[in-house]
Amino acid sequence: MGLICVFVVFMVGCGGSSPPPIKYSELKENLISFKKEQFEVEKRIIQGFIEREGGEWKFNGKIFYRYVKRGKKRVSGSSNHHILYYSIYLLDGAVCDSVYSKTPYRWEMGRSAEPPALDLIFEVANPGDCLLAVIPSHYGYGVPGKPPCIPPNTPILYKICIIE
């Protein structure tokens, strides 16, 4: 009973008014505007990286990638299970994750959520391929990032070799 009295006194003492109604149309416009600004910033960062890196980069509508070594062509009905080595970098070169010095990573298409965007890489990669792939933040770690290494809204670079 005492807690309820304190709450009532607090609400009355603070004015007791409810917050103003949310204007969803304004909120939506602000979010769209923010996403457009974020996209433009990220686009400039990725373009600058690709220009500095050089080589023949491709874009499939989702990710930017460049083959370092080509493997064999995919066989129809290929397995959705893959064994690979990968490293994840920030575009400034900072290493955030790597399995190159460990046991190869076993990954299953559609089942493994971590690390993100590997399914997008497998859309363009075959067994034996080694490639670099720049992943925009909305396909990578997105708004939360992956502290302490990957800040929010940060594109990442994969260096990946697919063993099978």
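Me: What makes Asp129 count as buried or exposed in this model?

Reply: This is a predicted model, and in it Asp129 has a relative accessible area of 0%. Buried means under 20%, so Asp129 is buried.

Me: Which residue forms a salt bridge with Asp129, and why is the contact called that?

Reply: The partner is Arg70, and the closest N and O atoms are 3.4 Å apart. The rule asks for a side-chain nitrogen of Lys or Arg within 4 Å of a carboxyl oxygen of Asp or Glu, so the pair of Asp129 and Arg70 qualifies. The two residues belong to distant parts of the chain, 59 residues apart: Asp129 is in the loop between helix 3 and strand 6, and Arg70 is in the loop between strand 2 and strand 3 (81-90).

Me: Is Arg70 called buried, exposed or partly exposed, and why?

Reply: Its relative accessible area is 40%.

Me: What makes Arg70 a charge over the ring of Tyr67?

Reply: Arg70 lies over the face of Tyr67, at 3.7 Å from the ring centre.

Me: Why does the pair of Lys23 and Glu26 count as a salt bridge?

Reply: The closest N and O atoms of Lys23 and Glu26 are 3.9 Å apart. That value is within 4 Å, so the pair meets the rule. Lys23 has 53% relative accessibility, and exposed means over 50%, so Lys23 counts as exposed. Glu26, at 42%, counts as partly exposed.

Me: How many aromatic pairs does the structure hold?

Reply: The structure holds 7 aromatic pairs. One of them joins Tyr86 and Tyr105.

Me: Why is the pair of Tyr86 and Tyr105 called edge-to-face?

Reply: The ring centres of Tyr86 and Tyr105 are 5.4 Å apart and the planes stand at 80°. Centres must lie within 6.5 Å, and planes over 60 degrees apart count as edge-to-face, so both conditions hold for Tyr86 and Tyr105. Tyr86 lies in strand 3 and Tyr105 in strand 5, so the pair ties together parts 19 residues apart in sequence. Tyr86, Tyr105 and Tyr158 form one aromatic cluster.

Me: What makes Ala117 stand out in its backbone, and is Ala117 buried or exposed?

Reply: Phi of Ala117 is near 75°, a positive value in a residue other than glycine. Ala117 is found in the loop between strand 5 (105-108) and helix 3 (118-122). Its relative accessible area is 6%, which is under 20%, so Ala117 is buried.

Notes:
Residues numbered from 1 in each chain as written. Predicted model: local features only at pLDDT ≥ 70, side-chain atom pairs only at ≥ 80, totals over all residues. Heavy atoms only, no water. Helix = DSSP H or I, 4+ residues; strand = E, 2+ residues; numbered from the N terminus. Buried < 20%, exposed > 50% of the residue type's maximum accessible area, 1.4 Å probe, protein only. Phe/Tyr/Trp six-rings, centres within 6.5 Å; stacked < 30°, edge-to-face > 60°. Lys NZ or Arg CZ within 6 Å of the ring centre and 35° of its normal.
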